[in-house]
Amino acid sequence: MNHFEYINGVLHAEGVSIPEMAEKVGTPFFCYSTATLERHYNVYADAFEGLDATVCFAVKANSNQAVLKTLANLGAGADVVSVGEMRRALRAGIDPAKIIFSGVGKADAEMREALEAGIAQINVESIPELVELNRVAIDMGTKARIALRINPHVDAKTHEKIATGKAENKFGIDWTRAIEVYRDAAAMDGIEVTGIAMHIGSQLTDLTPFREAFTRLADLVEQLRSEGIEIRNLDLGGGLGIAYQGETPPLPDAYGQMVRETVGHLGCHITLEPGRLIAGNAGIMVSRVMYIKDGEAKRFVILDAAMNDLIRPTLYSAYHEIIPVDEQGEDDVQATVDVVGPVCETGDTFGKDRKLPDDLKAGDLVAVMSAGAYGAVMSSTYNTRALTPEVLVKGNNFAIVRPRQEIDQLINMDQIPAWLGNS
Ligand SMILES: Cc1ncc(COP(=O)(O)O)c(C=O)c1O
Ligand SMILES: N[C@@H](CCCC[NH3+])C(=O)O
């Protein structure tokens, strides 16, 4: 069931009309649906029923603490990639025993804070990082529970900027060297080897690469066991894709079945790190039309949102559906338009040659769909544009879960050195 629907011709998020929110919050804004977040989490978690599994939401996809708390209340853990994300997860009430720290470059201070917080596991991505973590743990008189993130050299067949499991990608330790690095890790005083981790990429729409990677992972676990290195936790990462434009990614159930088939026999605890699947279609970005500009070659719909708010179309040529908030009738005339933002970049384009109502005009609202993951978290203040607010809806209620940043807050962060004189 979709929780962003037209009711009496007006787009709603659950029971709240988008114009009502726009009136109170201003535009643009991100809007998340609690019911969708919960449904996605539950459908995903249910796919692993019977397995000893923890779903650790990938905080990078959406780090708003209200979203994290919504998921924490359902029992979710967190996959974090910085101490900032870890603090958010902890503040949102996520149990440290369900927090995994991933990422290719953890600083000493981050390692220390993670060890102090007693999180479940740190995923180590290189030998130098392993050496550093060992040193930090010994210095603190403790042992770090770790998994090595292994790069299985599998092509996830996704956009090149979000593939992470190929030999040329910066992520993980080459699977060909895994055994020797595990041997080294097992001999380190500050390290307790608990697991093995893989994450081969994001927005995968086919199970085949996962199957290939997890089969390789299972082989490695058997080899490690034969060497006396016990692996208790398999971290399978995230990556399952969603429909942005009619894609038909495998359902969580099919993914769960594939997990059982490839690694179920190992008797390990399984960690899963979905991000996009939980949050992507649980959020939209609402924007107001500022101008309609009829050029010689094109009609441009100029929104008050821009690439700084949602960078996915610019960065990955990603498709996001764009719909009018006032429902279009079947017989209404459509125009072919480019939907753009006000930022001074040609790439500040949300969609090219889209069909929108011919009579769409300044002041009308549109919704950019599937913006709940890698939306607000990737926003910037480029062109000195303030960060966009976030709103969480639950039933007939909504709350602003991040207010609009004041432009002066942003400007006041600059400091002018005394030698430049007073202005
Ligand atoms: C280590 C790790 N885990 C989980 C994720 C979440 O991925 P997705 O949002 O595709 O589920 C990512 C991002 O791709 C990641 O790098
Ligand atoms: N930011 C990417 C996903 C990257 C996943 C991070 N490991 C996107 O918007 O599709």
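Predicted model: local features only at pLDDT ≥ 70, side-chain atom pairs only at ≥ 80, totals over all residues.
Figure 1. Y374 sits in the loop that runs between β19 (365-368) and β20. The residue counts as buried, because 26 C-beta neighbours lie inside 10 Å and the cut-off for burial is 20 or more. Leaving aside residues up to four places away in sequence, Y374 touches A61, R276 and R312. The backbone of Y374 has a phi near 60 degrees, a positive value in a residue other than glycine.

**Figure 2. The shell around ligand 2.** Which residues surround ligand 2? They are K60, I162, S202, Q203, R312, Y316 and Y374. By class, this shell has three nonpolar, two polar and two charged residues. Ligand 2 lies between domain 1 (4-31 + 280-411) and domain 2 (34-279), because both domains give residues to its shell.

**Figure 3. The contact between the two domains.** The chain is divided into domain 1, made of 4-31 + 280-411, and domain 2, made of 34-279. Taken over C-alpha atoms, the centres of domain 1 and domain 2 are separated by 32 Å. Domain 1 puts 23 residues into the contact, and domain 2 puts in 22 residues. On the side of domain 1 that touches domain 2, the elements giving two or more residues are α11 (312-316), β20 and β21 (397-402). Of these, β20 gives the most, with four residues. Sorted by class, that side of domain 1 has twelve nonpolar, six polar and five charged residues.

**Figure 4. The shell around ligand 1.** There are 14 residues around ligand 1, and those that come nearest are A58, S202, G238, G275 and R276. The shell divides into four nonpolar, seven polar and three charged residues. S202 is also one of the residues that surround ligand 2.

**Figure 5. G239, a residue with a binding site annotation.** An unreviewed UniProt entry lists G239, E273, P274, G275, R276 and Y374 under "binding site". G239 is located in the loop between β12 (233-235) and α9. Is G239 buried or exposed? G239 is buried, because 29 other C-beta atoms lie within 10 Å. When residues up to four places away in sequence are not counted, G239 touches A156, H199, I200, G201, S202 and L204.

Figure 6. E345 is found in the loop between β17 (334-340) and β18 (349-357). E345 is partly exposed, because it has 14 other C-beta atoms within 10 Å. Y374, by contrast, counts as buried.

Figure 7. Helix α2 covers residues 34-46. Its 13 residues should span 18 Å at 1.5 Å a residue, and the end C-alpha atoms are 18 Å apart, so the two values agree. Which residues of α2 are buried? They are T34, T36, L37, H40, Y41, Y44 and A45. In an α-helix, residues three or four places apart point the same way, because there are 3.6 residues a turn. The buried residues of α2 pack against strands β4 (29-33), β5 (53-58) and β20 (390-394), and against helices α3 (65-72), α9 (252-263) and α10 (276-279).

**Figure 8. The cis peptide bond between T27 and P28.** T27 and P28 are joined by a cis peptide bond, with omega about -5 degrees. P28 is found in the loop between α1 (18-25) and β4.

**Figure 9. D353, a strand residue with positive phi.** D353 lies in strand β18. Although D353 is not a glycine, its phi is positive, at about 50 degrees.

Note on methods
Residues numbered from 1 in each chain as written. Chains lettered and ligands numbered in written order. Near = placed C-beta within 6 Å. Nonpolar A, V, L, I, M, F, W, Y, C, P; charged D, E, K, R; others polar. Expected span 1.5 Å × (residues − 1). Buried ≥ 20, exposed ≤ 12 C-beta atoms within 10 Å, placed from the backbone. Contact = placed C-beta atoms within 7 Å. UniProt positions renumbered as here; feature names shortened; annotations may be inferred. Domains from an automatic or database assignment.
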